[in-house]
Amino acid sequence: MRVYVPLTLPGLAEAHKTGELGSGPFVAYAVTPALREWYLSEDIEELEYAALSRASLASLRLLAADPGAVRRRVVVAVDVADGAASADPDRALDPSALGEVTVTAAVPLAKAAAVHVDADDAEQDVAAAADALEAADGGDDDAQFVVDGADDHELLWYATQEIPNLV
């Protein structure tokens with residue numbers, strides 16, 4: 001199963017140093033039955049893009065919690081054994097949990113397929129989105145507009161060999 005692990009650049013640096021994305025359990029995003037139902041598509045590429053987008057929002061939440069981190073979202077795509085990741089059926093209808101899975105096993109960074117990171121020119125919009133996230137969660141439409149503005153920036157694809165240059 002392909003999962004998308006939300007990180008920050010400091011989190012990616014730590015994973016690079018330790019050689020592990022996480023020792024489990026940790027939250028990632030994947031094409032879950034609830035995500036399929038919500039997205040109404042059978043195109044696996046579209047569904048994986050939706051899971052990647054959910055992970056990029058989770059990365060934004062990590063940035064909001066870490067004011068010292070460089071304001072660039074980071075998502076690592078990695079394949080794990082089917083039994084290593086599972087969705088919580090009790091949260092399947094919760095919109096904030098769409099695509100969310102819990103990875104229970106340790107995941108070596110060497111298993112990563114790719115890394116997705118914002119370009120430098122996204123930092124200002126991502127910083128504004130991280131600052132507006134709490135207000136957006138509270139229902140502020142203007143803040144939600146700012147948060148959505150971060151999605152105007154596509155995450156760039158990097159090969160895993162490029163991780164040392166990213167961190």
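Q: What do the buried residues of α4 pack against?
A: They pack against α3 and α5 (141-150). Buried means under 20% relative accessible area with a 1.4 Å probe, protein chains only, and contact means heavy atoms within 4.5 Å. This is a predicted model, where local features need pLDDT of at least 70, side-chain atom pairs need 80 or more, and totals for chains, interfaces and linings use all residues. Residues are numbered from 1 along each chain as its sequence is written, and side-chain values use heavy atoms, leaving out hydrogens and water.

Q: Which residues of α4 are buried?
A: Val 126, Ala 129, Ala 130, Ala 132, Leu 133 and Ala 136.

Q: Where does α4 bend?
A: At Asp 131, by about 40 degrees; that is the angle between axes fitted to the seven residues ending there and the seven starting there.

Q: And what comes just after α4?
A: Gly 139, with a positive phi of about 100 degrees.

Q: New topic: where is Arg 71?
A: Arg 71 is in the loop between α3 (44-65) and β4 (74-79). Helices are DSSP runs of H or I with at least four residues, and strands are runs of E with at least two, numbered from the N terminus.

Q: Is Arg 71 buried or exposed?
A: Buried, yet without a salt bridge, meaning a Lys or Arg side-chain nitrogen within 4 Å of an Asp or Glu carboxyl oxygen. The nearest side chain of opposite charge, Asp 131, is 4.7 Å away.

Q: What does the side chain of Arg 71 reach, then?
A: The backbone oxygen of Leu 63, at 2.9 Å. The backbone oxygen of Ala 69 also lies 3.1 Å from a polar atom of the Arg 71 side chain.

Definitions and conventions: Buried means under 20% relative accessible area, exposed over 50%, partly exposed in between (1.4 Å probe, protein chains only). Lys and Arg count as positive and Asp and Glu as negative; His and the chain ends are not counted. A polar contact is a pair of N or O atoms within 3.5 Å; within protein, one must be able to donate a hydrogen and the other to accept it, and residues adjacent in sequence count only if both atoms are side-chain atoms.
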